Amino acid sequence: MESTPLDTQTTVESDVATRPEEASLPPLEWMQRNLFGGGQGSVGAVARSTSLTVVFTLLGLFAYQQLLNFIFSEETNWNSVRVNLRLLFTQAYPESDYHRIWVSLGLVLVLSGVGLGLMKVGRGISMKKIATWCVGWGVLVVLGVFLRQPSVLVGDDGTPLLADADGVALARDGLGALVYLDGSPAPSQGLSVVRESYGDAISSRSGWLLIGLVLIGIAAAIWFGFGDKRRRSTFLPAIPLSIAGIGALISTTWWYNWGNYTFSTDEETGVSGFNFEPSVKVAETTRNPWTIMFVVLVVAYVLGRRLRGRAFEQHFRGLLILGWFLAPFVTFFAILRGPEFDWAYVAAVDLPLWLAFGIGGAALMWALTKPGIGEVGRVLAVLVLAIAAFTWIAAFFGWFGMLQKVRLSFLLLGLTALLAPNFIGEARQRLTLVYVWTGTITIFHVMATIINTPSSIEVPTEDFAGGFMVSIYVTVFTLLFSFPLGVLLALARTSRLPIFRLLATVYIEAFRGVPLITMLFFFTVFVNLFLPEGMELALLAAVTIAFVLFSAAYLAENVRGGLQAVRRGQYEASDALGLTTVQRTGFIVLPQGLRVSIPPLVGQAIATYKETSLLAIVGVFDFLRMARDIIPNQPEFLGERKPALLFICVIYFVGAYAMSKYSQRLEKNLGVGER
Amino acid sequence: MSINDATVAVTEELATRDDMIICEGVDKWYGDFQALKGVSATIKEREVVVVLGPSGSGKSTWIRCINRLEQHQSGRIIVDGVELTNDTRNIEKIRSEVGMVFQQFNLFPHLTVRDNITLAPIWVRKKPRGEAEALATQLLERVGIPEQADKFPGQLSGGQQQRVAIARALAMEPRVMLFDEPTSALDPEMIKEVLDVMKDLARGGMTMIVVTHEMGFAREVADRIIFMESGEIVETGTPEHFFTSPEEDRTKLFLSQIL
Ligand SMILES: Nc1ncnc2c1ncn2[C@@H]1O[C@H](COP(=O)(O)OP(=O)(O)OP(=O)(O)O)[C@@H](O)[C@H]1O
Ligand SMILES: [Mg+2]
């Protein structure tokens, strides 16, 4: 057959000629244009925008000053945060098992490092951006140096010095009463604290001033040393730069005297207490693990870069995704459980059960994927599901005892069997399903065994270590489970079958109609009533389920929005090619629909992360509860709330900001090839 | 109905071939509106049929019934010996034997050109990936754009996209190809490149049903022209018969409006 003439003229080449860019404005003009209404328009309009700029600048400066005054005030006791860092992040996790936390963090860092290494490299950060960034921070620091009020002077006893209304200094006599220096009694009204002179204040902050000026200097050097063109077109790689930044921060633990603040228990006397040692290096137990963590990150990153472009990169990426999926479970178990196996029981019960389900299930999958099995396959799969359902019904009514593990295994078996028709074909395809099954059942049985085994780790609350770690875990598990559930709900709600639509709609509306906090209380109280006999959920598990169900309802609506954006023609094209409904959904509809819903999905993820602070109210020792209830009740820091609250604000912000940045990157990367 | 000599000759030759598509009294309602009124037609193997008719006459509806994108309410549709019923296995079988090309291309925007083409062969025909990719390369060469395999549809011109859509349908190695106004969404200078591919396909012996307004194509390539109006087949004949001596008044009116 002759081929049609080539027609390369109409090829759309991706931007051969780059768009001419506007030159950067000189600073003064930039200010004029951006702050004062551009000097265009009527005098009135300029005056209006100028006055708005002035008013909001003053407001901003005032807020900034107050914040600095608080942060650096002598009266703010940051020791309450410094000493309690461990408490804030992991609650009173036993010191002797702390290596488990480090190992878990290390695992996450390995995955992150390799992932970053494999990531598609963007253009990086332009010198222009770095200059802007430096000048911004530099100005902020310099402003801070001048804005912050001079420090309050303190006497030898650590209390602030006071003066009367005329500024004459006061002191305390032997009984603690306020007197003039000559011993005459002081008035009780109109007293004020004594501050150092403004000049002294500035000179005592010269270190900060220097930092600010250096930053501005760097910016100026970039701005004037590079021409306009080079400023825009010189890029530094973003990821290595960030890693270097982290490295620089961690290296300070080796040479800078951050001070050593710990809470420790004396082994001999059994007395515990806080130790404050300013102006020494941080403890080795902080420095060494962090240094190792950094090395791990770097090594993983380099490994990732090495793997890029290799033939097996695709497989490796798959492995990485699997790793991310398993990491929350693995680390959760690593941190929570030091199982003390009863090996006899394991050999007598757990192992045989695993073998039975593993081998039996594998044989079933092999049989179900036989070409030409037809309806028999579907019937068999439904039969297994029916057995699973029956074991659960039996559990509710207490007809006969059975290991929970067995019930869940049957359920897994039934669900996997339902997938079988998609794998009918050659041996290779059939084996895939067999592998999927053996993998699933093995992971499940290992986890179930670990969870059923008593643990040697003693955490203060029965659930889990607390603090930020619990916030993270609840967030991760919530996202991990609510995402698939939300997608399923969205599919059900857009399904052609009315019963699915009805169920999904009822579910979604019900969960969206109840405030989250109400639901959390409901679940902590009621969920155990819905469970089969002999099964009880820990508080944390109950609230996590509440979070999952709640978040799924919202995710479902976001995903539905995306699904509706998929055009009819896409369905028709898939149908015309003979794709099954499952294939059409998995390959065509979901990938397109989810892409559209990335921004709201990430919004929902961030909301979930922040909403975990509600855990404090239902009695979980989470991050917020540590800062709000626990620390202010320590004898040393009675009533000391503000520093810790400010601190957790910052940590929450960093996490949320990182997610939001990541989603922007994701959107950009996935935007390729969109119409 | 009297038919002229040329038509008789062609009809006799066609009669020796196997029936590929048989429609018998196909009715299709949208709510109370009847879009197809007893459509009966037989399309032979390797036959190229062009369907003409004014807008809203049911052309799209008819060919979309042939691969079950629309469901007919009464009458019979038999494709390559398999009747379209509610049995999903028959529908799946027929869909994988009938390729379709749409006016709006309907390529998958999130997949590269190559993946657009290989998706169905791999997952429906269960071809090994390597084989499917070799086929994709070969098909892209056939439609004249081998160098575009790694681009996304959004990066191609309309004509190129439509040729990819044709390659995608061909990758299933269908026995019948349906075209629903494949060139209507294209700029005039791109129409030819798509029509060339289709002519090529017709010469290669593909059974085709083409809904189009390209009279030149109809005249040159069609074995038979079917004229529809208001959901009915009004007249059928060879291009020669159809363009030179149409019998029905409605056909004459239609031709006088477009020619
Ligand atoms: N989904 C639908 N619901 C209701 N009516 C429909 C639907 N699709 C088509 N119709 C009607 O059926 C009739 C036939 O439509 P069809 O799309 O088959 O026409 P056509 O011959 O392809 O026209 P065109 O040349 O404009 O594409 C039209 O009157 C149209 O309004
Ligand atoms: Mg039409």
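Of the 675 residues in chain A, 38% are buried (under 20% relative accessible area, with exposed meaning over 50% and partly exposed in between, for a 1.4 Å probe and protein chains only). The structure is a predicted model, in which local features need pLDDT of at least 70 and side-chain atom pairs count only at pLDDT 80 or more, while totals for chains, interfaces and linings use all residues. Residues are numbered from 1 along each chain as its sequence is written, chains are lettered from A and ligands numbered from 1 in the order in which they are written, and side-chain values use heavy atoms, without hydrogens and water.

The secondary structure of chain A consists of 25 helices and eight strands (DSSP runs numbered from the N terminus, with H or I over at least four residues for helices and E over at least two for strands). The C-alpha trace of chain A extends over about 105 × 80 × 50 Å along its principal axes. Contacts (heavy atoms within 4.5 Å) between residues at least 6 apart in the sequence of chain A join residues at least 24 apart in 75% of cases. Chain A has an accessible surface of about 38000 Å², and carbon and sulfur atoms account for 67% of this area (Shrake-Rupley method with a 1.4 Å probe; for residues, only the protein chains shown count as cover).

Chain A carries 50 positive and 47 negative charges, whose mean positions are 13 Å apart. Lys and Arg count as positive and Asp and Glu as negative, with His and the chain ends not counted; each charge is placed at NZ of Lys, CZ of Arg, CG of Asp or CD of Glu. A patch of positive charge on the surface comprises A:Arg123, A:Lys129, A:Lys661 and A:Lys668. Such patches consist of residues with over 30% relative accessible area and no salt bridge, like charges being joined within 9 Å and nonpolar side chains (Val, Leu, Ile, Met, Phe, Trp, Tyr) within 5 Å.

Over all chains, 31 salt bridges are present (a side-chain nitrogen of Lys or Arg within 4 Å of a carboxyl oxygen of Asp or Glu). One of them joins A:Glu572 and A:Arg568 at 3.7 Å, N to O. These residues are four apart in helix α21 (residues 568-576) of chain A, so about one helical turn separates them. A:Glu572 is buried at 11% relative accessible area, whereas A:Arg568 is exposed at 60%. In chain B, B:Glu24 and B:Arg76 form a salt bridge with the closest N and O atoms 3.6 Å apart. This pair links distant parts of the chain, B:Glu24 lying in strand β1 (residues 19-30) and B:Arg76 in strand β4 (residues 74-79), 52 residues apart. A separate set of salt bridges with shared partners connects A:Arg568, A:Glu572, B:Lys28, B:Arg64 and B:Glu70 in one network.

B:Leu84 occupies the loop between β5 (82-83) and α3 (88-97) of chain B and is buried, with 3% relative accessibility. Beyond neighbours within four places in sequence, B:Leu84 contacts B:Cys65, B:Ile66, B:Arg68, B:His72, B:Ile77, B:Ile91 and B:Ile94. B:Ile66 is 18 residues from B:Leu84 in sequence, with a C-alpha to C-alpha distance of 8.2 Å.
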